[in-house]
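Here are my notes on the model you asked me to look through.

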Amino acid sequence: DPMERKPYGRILPDPKAIESAVSLLSRSKRPVILAGGGIASSSAYKELLELAELLGSAVVTTMMGKGVFPENHPLYGWHTGSKGTSCGNKLTSSADVIIAVGCRFADETTSSYKHGVSFAIPPTELIHIDIDENEIGKNYPCKVGIVADAKSALAHIIEGIKSSPKTDRIHYTLEIQHLVNEWFESMREFREYNKTPTSISRMLKELREFLDDDAIVACSSGNTQAQILQEFPFYQPRTCLTTGGFSTMGFTVPASIGAKLAYPDKQVVGVLGDGDFMMTMQELTTAVQYNVPIVTIIANNMGWISIKDLQSAVYGADRVFATDFIKSDGNIYTPDFKMIGEAFGCFSQKVNNGDDIKPALRKAFDSGKPSLIEVIVERDLPFSGGKVAGWWDVPVPTYLRERREKYERERAEEKLS
């Protein structure tokens with residue numbers, strides 16, 4: 001029996017390293033907890049919340065850490081990195097001490113290591129906790145490295161903090177809330193978009209308002225994934241299913257089926273773009289065959305629009321290439337996804353206005369069947385996607401001289417340990 005050979009217990013931290021971490025955190029003025037996927041792997045949700053509230057620390061998450069901390073909590077500072085938020089980047093780049101738990105400081109989390117955009121290590125002092133010793137100090141120098149299970153390491157740090165002198169961080173807590181409010185105020189015109197077709201931001205806002213707090217939402221890639229990261233709050237652990245930095249297209253539909261099989265009493269929604277959907281739309285057959293009542297929401301922008309937006313931003317709008325779905329006569333092409341859903345046997349609907357999204361969701365869930373909602377969304381900047389808060393190292397060819405010179409200046413600011 002494989003279970004008889006399975007190891008038990010958790011890797012405990014070194015006591016001296018815990019003492020050093022507690023000392024750094026106790027005297028910090030602007031502490032940030034950077035919570036990665038290791039929090040979920042270790043089920044360290046309770047410890048993360050307790051430590052944040054003891055310290056009055058901001059909690060900022062990586063892509064794989066999304067949902068490990070309640071995202072309506074006043075200490076939550078959202079996300080950092082190239083697909084992050086202005087509040088998350090501000091908090092992590094201005095922190096005096098960062099305690100990173102179960103994360104590897106990947107390219108997207110760090111804004112391609114451009115110093116001062118998402119992180120400024122040093123002068124920020126870093127405490128890095130990871131179960132894999134090779135991750136510690138790999139990309140940034142750390143003041144304290146702790147090889148341990150996240151749950152056990154945080155529990156030991158909590159005990160140390162409880163017996164340490166308290167530091168008043170009320171003004172810092174208020175600043176966290178102010179920065180978050182600023183971020184969402186900057187997104188207001190995206191999230192309250194009233195034109196037809198609607199925006200992805202408006203679609204996500206309507207979806208979050210409709211869903212239960214414990215609903216499971218899956219996403220894969222592109223603007224839908226990035227904007228879920230930036231503006232869609234999760235309130236309970238393990239309710240965000242996403243693919244991580246490689247944006248694996250085709251993940252959403254099968255992931256939604258798996259989630260619904262595991263949690264049949266929860267609402268399960270898959271959110272993805274049209275290009276992503278066409279990678280694995282055949283899996284709707286499985287959902288219908290076994291009557292797995294997932295709801296699939298397709299943000300149909302008729303192209304690889306996240307790539308188009310990136311091309312336009314980096315190379316110029318006149319150098320967009322092979323990202324629009326266009327027929328030989330120059331007209332935009334799209335399949336009729338509502339009809340495709342019906343052909344598979346799904347309950348299917350098509351909407352293009354933000355006011356129609358909640359009624360469509362209600363009908364989808366009331367149907368008790370696998371359901372598809374095709375939402376026609378904006379395909380042109382700026383409302384085709386969200387706001388860019390970080391930086392990403394996207395190479396620029398030398399023949400675009402001015403853009404190349406700017407790129408080289410910015411790239412020179414990348415700093416690895």
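1. How many cavities of 30 Å³ or more does a search of the whole structure find? The search finds 1. Please keep in mind that this is a predicted model. The space in the largest cavity comes to about 50 Å³.

2. The largest cavity is lined by Met-63, Lys-66, Cys-219, Gln-225, Ile-228, Leu-229, Cys-240 and Thr-242. By class, its lining has 5 nonpolar residues, 2 polar ones and 1 charged one. Helix 9 is the element that gives the most to this lining, with 3 residues.

3. Two packed helices are described by the angle between their axes and the distance between the axes. Helix 8 spans residues 200–210 and helix 9 spans residues 222–231; the two pack at an angle of about 55°, with 10 Å between their axes. Helix 8 is therefore oblique to helix 9. Their crossing is right-handed.

4. Now for the residues that make this contact. From helix 8 come Ile-200, Ser-201 and Leu-204, and they meet Asn-223, Thr-224, Gln-227, Ile-228 and Glu-231 of helix 9. Sorted by class, the residues of the contact are 3 nonpolar, 4 polar and 1 charged. Do look at Ile-228 here: this residue of helix 9 takes part in the contact with helix 8, and Ile-228 is also among the residues that line the largest cavity.

5. Next, the largest pocket, which holds about 1,200 Å³ of space. The pocket is lined by 43 residues, and the closest to its centre are Asn-223, Ser-306, Asp-309, Leu-310 and Trp-392. Two or more residues of the lining come from each of helix 9, helix 11 (274–280), helix 13 (305–315) and helix 16 (401–411).

6. Which helix gives the largest share of the lining of the largest pocket? That is helix 13, with 7 residues. As for the make-up of the lining, 17 residues are nonpolar, 17 are polar and 9 are charged.

7. Helix 3 (residues 45–55) packs with helix 5 (residues 150–162) at an angle of about 25°, the axes being 9 Å apart. The two helices are therefore roughly parallel to each other. The crossing of helix 3 with helix 5 is left-handed. In this contact, Glu-47, Leu-48, Glu-50, Leu-51, Leu-54 and Leu-55 of helix 3 meet Lys-151, Leu-154, Ala-155, Ile-157, Ile-158, Ile-161 and Lys-162 of helix 5. The residues divide into 9 nonpolar and 4 charged, with no polar ones.

8. The other pair is helix 4 (residues 86–93) and helix 6 (residues 170–186), which pack at an angle of about 145° with their axes 8 Å apart. Ser-86, Cys-87, Lys-90 and Leu-91 of helix 4 meet Tyr-172, Ile-176, Leu-179, Val-180 and Trp-183 of helix 6. The residues of this contact are 7 nonpolar, 1 polar and 1 charged.

9. Most residues other than glycine have a negative phi, and most peptide bonds are trans. Pro-122 and Pro-123 are joined by a cis peptide bond, with omega about 10°. Pro-123 sits in the loop between strand 4 (97–101) and strand 5 (125–130). Phe-105 is found in the loop between strand 4 and strand 5 as well, and its phi is positive, near 55°.

10. A cis peptide bond also joins Leu-381 and Pro-382, where omega is about 5°. Pro-382 belongs to the loop between strand 12 (371–376) and helix 16.

11. Lastly, where does Asp-393 lie? Asp-393 is in the loop between strand 12 and helix 16. Leaving aside residues up to four places away in sequence, Asp-393 touches Ser-112, Tyr-407, Arg-411 and Glu-414. From Asp-393 to Pro-165 is 42 Å, C-alpha to C-alpha, and the two are 228 residues apart in sequence.

Key. Residues are numbered from 1 along each chain as its sequence is written. This is a predicted model: local features need pLDDT of at least 70, side-chain atom pairs count only at pLDDT 80 or more; totals for chains, interfaces and linings use all residues. Side-chain values use heavy atoms; hydrogens and water are left out. Axes are lines fitted to C-alpha atoms, for helices over the stretch in contact, and angles run from 0 to 180 degrees between N-to-C directions. Helices (H or I, at least four residues) and strands (E, at least two) are DSSP runs, numbered from the N terminus. Angles under 35 degrees count as roughly parallel, over 145 as roughly antiparallel, 65 to 115 as roughly perpendicular and the rest as oblique. A crossing is left-handed if the near helix is turned anticlockwise from the far one by less than a right angle, and right-handed if clockwise. Contact means heavy atoms within 4.5 Å. Ala, Val, Leu, Ile, Met, Phe, Trp, Tyr, Cys and Pro count as nonpolar, Asp, Glu, Lys and Arg as charged, and the others, Gly among them, as polar. On a 1 Å grid over the protein atoms alone, a cavity is a set of points where a 1.4 Å probe fits but cannot get out, and a pocket is an open set with protein on both sides within 12 Å along at least five of seven lines; lining residues have an atom within 4 Å of a point. Grid points are joined across faces, edges and corners, and a volume is the space filled by probe spheres set on the points.
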